[in-house]
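Here are some notes for a first reading of this entry. Please keep the structure open beside them.

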Amino acid sequence: MALPKDMRLKGHRTFNYIHKNSITYHGKLMTFKVARSNPEILLTHKLTNNSNKFRIAIAVSKKVSKKAVERNKIRRILQEWLLTNIQKINNHKPYWLLVNLRFGDFCNDKSRLLEEFQNLMFKSRLIK
C-alpha cells in the first residue's frame with residue numbers, strides 16, 4: 001500500500017530545504033534526515049491545508065540493487081510499516097523525514113531492515 005498523497009514529500013525545493021536544515025541520524029543500513037516543516041515551500045504544490053502534517057520520502061539508491069523491482073519492494077516494506085504504526089507518530093509536531101538507504105545486500109532480510117528503521121524512528125524521537 002502506497003503512502004497517501006498528503007504524507008509524501010515532493011519538489012526539489014523541499015529536498016534542498018531538508019538537506020540544508022535537517023538533523024541527520026545514522027544507522028548501519030540507512031540515514032534519516034529530519035527537519036521541521038516549512039509550509040511556504042509547498043505553496044507551489046497547492047497543499048496549503050495539509051502542509052503541517054508529518055511527511056516522508058524514502059530514497060533507495062541503485063547502489064542498493066540494480067533492479068527496480070527490489071528497490072520498490074524495499075520502499076513498500078518501509079511504507080507499510082510506517083502506515084501500520086502511524087498512530088505512534090507525533091502528528092502535532094510537523095516534521096519532514098527523508099530516508100536514504102545505504103548500499104548493501106539486505107534485500108532478503110526484511111526483519112533487519114525493519115528493526116533498523118524502527119530504531120532510527122525512536123532515536124529521532126518521531127515515535128515515543
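1. The model is predicted. For the protein chain the mean pLDDT is 84, with 84% of residues at 70 or more. Confidence is highest in strand 1, with a mean of 95, and lowest in helix 2, with a mean of 90.

2. The sheet is open and mixed in its pairing, with four strands in the order 1-2-4-3. Strand 1 and strand 3 are its edges, each pairing on one side only. On average, neighbouring strands are turned by 15° against each other, direction ignored.

3. Strand 3 and strand 4 run parallel and are joined by six bridges. Ile56 has Leu97 of strand 4 as its bridge partner. Helix 2 packs on the sheet and touches both strand 3 and strand 4; its direction makes about 155° with that of strand 3.

4. Helix 3 covers residues 110–123, and its end C-alpha atoms are 20 Å apart; this agrees with expectation, because 14 residues at 1.5 Å a residue should span 20 Å.

5. Buried residues in helix 3 are Leu113, Leu114, Glu116, Phe117, Leu120 and Met121. They fall within an arc of 160° seen down the helix axis, so they line one face of helix 3. Ser111 and Glu115, on the other side, are exposed.

6. The cover over the buried residues of helix 3 includes strands 1, 2, 3 and 4 as well as helix 2. Just after helix 3, Arg125 has a positive phi of about 60°.

Technical notes
Residues are numbered from 1 along each chain as its sequence is written. This is a predicted model: local features need pLDDT of at least 70, side-chain atom pairs count only at pLDDT 80 or more; totals for chains, interfaces and linings use all residues. Side-chain values use heavy atoms; hydrogens and water are left out. Helices (H or I, at least four residues) and strands (E, at least two) are DSSP runs, numbered from the N terminus. The expected span of a helix is 1.5 Å times one less than its number of residues. Buried means under 20% relative accessible area, exposed over 50%, partly exposed in between (1.4 Å probe, protein chains only). The arc is that of the directions from the helix axis to the C-beta atoms. Contact means heavy atoms within 4.5 Å. pLDDT is the predictor's confidence in each residue, from 0 to 100. Two strands pair if DSSP finds at least two bridges between them. Axes are lines fitted to C-alpha atoms, for helices over the stretch in contact, and angles run from 0 to 180 degrees between N-to-C directions.
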